[in-house]
Amino acid sequence: MRVEPRDQPVQLQAQFNPEGEEAVGEAKPYVISEDQVAQAWRLVKANRGAGGVDGQTLSAFEKDLEGNLYKIWNRMSSGSYFPPPVRLVEIPKGDGRMRPLGIPTVADRVAQMVVKLVLEPLVEPKFHLDSYGYRPGRSALDAVGKARERCFRFDWVIDLDIKGFFGAPGKAWCFQRVKFPHRQGGQPPHRESSLERMEVTT
């Protein structure tokens, strides 16, 4: 087993401008820091995972780490980031059918993680206490434990599954429910206003 050295802090150079990217000195409409992009990369690398439709692995992405992270930061903060297609993989379900699973590219996983780092602290407090899916510090086992606890208090249960939930409501419906409330008597702060306009494709 090969032991990899610990990550070194990633510092993006302001002068670095690969492939004709927009100059760093120009004003950016979205508040995304270079530190957030670097943190997102460390989290994505720790999660490991296979490459996406472009075939680029984590190790290949890391060979030009500074340049790759710069491009993500520059495009996201300027509003020009566009996610590439995902690689389709089908996994079997318990009933014999197949569940389609999309594998994003490494760069897109970093971009998605940036969005998560920005949005999660803002929306996490709004979730119901009984919500366990895809939440930090919670798991399916926690949900099972809560269900087991309530089995001793109630003699009924509701079991339901919303078919195609993530594809059915549409973007407008989802955006309306994560929209940030404006402050009373004034305009929302720059970060909130930017995020309201940001179109996130997952």
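**Close-up views of a predicted model**

**Figure 1. Helices α1 and α3 cross in the predicted model.** In this predicted model, the axes of α1 and α3 approach to within 10 Å and cross at roughly 120 degrees. An angle of 65 to 115 degrees would count as roughly perpendicular and one over 145 as roughly antiparallel; α1 is therefore oblique to α3. The crossing in which α1 passes α3 is right-handed. By class, the residues in the contact of α1 with α3 are seven nonpolar, no polar and one charged. From α1, the residues Glu34, Val37, Ala38 and Trp41 take part, and they meet Leu65, Leu69, Ile72 and Trp73 in α3.

**Figure 2. Helices α3 and α4 cross in the predicted model.** The axes of α3 and α4 come within 10 Å, and their crossing angle is roughly 50 degrees. Angles under 35 degrees count as roughly parallel, so α3 and α4 are oblique to each other. As in the title, the subject is a crossing, and α3 passes α4 in a right-handed one. On the α3 side the contact is made by Leu69, Ile72 and Met76, and on the α4 side by Ala107, Val110, Ala111, Val114 and Val115. Sorted by class, the contact of α3 with α4 has eight nonpolar residues, no polar residues and no charged residues.

**Figure 3. The largest nonpolar core contains 20 residues.** Val37, Trp41, Phe61 and Val110 are the residues with the most contacts inside this core. Two or more core residues come from each of the elements α1 (34–47), α2 (58–63), α3 (65–78) and α4 (106–123).

**Figure 4. Surroundings of tryptophan 41.** Which residues does tryptophan 41 touch, not counting residues up to four places away in sequence? They are Leu58, Phe61, Glu62, Leu65, Leu69, Val106 and Val110. Tryptophan 41 is also one of the α1 residues that meet α3, and it is among the residues with the most contacts inside the largest nonpolar core.

**Figure 5. Proline 83 in a loop.** Proline 83 lies in the loop between α3 and β1 (87–92). Is proline 83 buried or exposed? Its relative accessible area is 16%, and buried means under 20%, so proline 83 is buried. Proline 83 and glutamine 112 are separated by 29 residues in sequence, and their C-alpha atoms are 9.3 Å apart in space.

Notes. Residues numbered from 1 in each chain as written. Predicted model: local features only at pLDDT ≥ 70, side-chain atom pairs only at ≥ 80, totals over all residues. Heavy atoms only, no water. Core = buried A, V, L, I, M, F, W, Y, C linked by side-chain atoms within 4.5 Å. Buried < 20%, exposed > 50% of the residue type's maximum accessible area, 1.4 Å probe, protein only. Helix = DSSP H or I, 4+ residues; strand = E, 2+ residues; numbered from the N terminus. Contact = heavy atoms within 4.5 Å. Axes fitted to C-alpha atoms, helices over the stretch in contact; angles between N-to-C directions. Left-handed = near helix turned anticlockwise from the far one by under 90°. Nonpolar A, V, L, I, M, F, W, Y, C, P; charged D, E, K, R; others polar.
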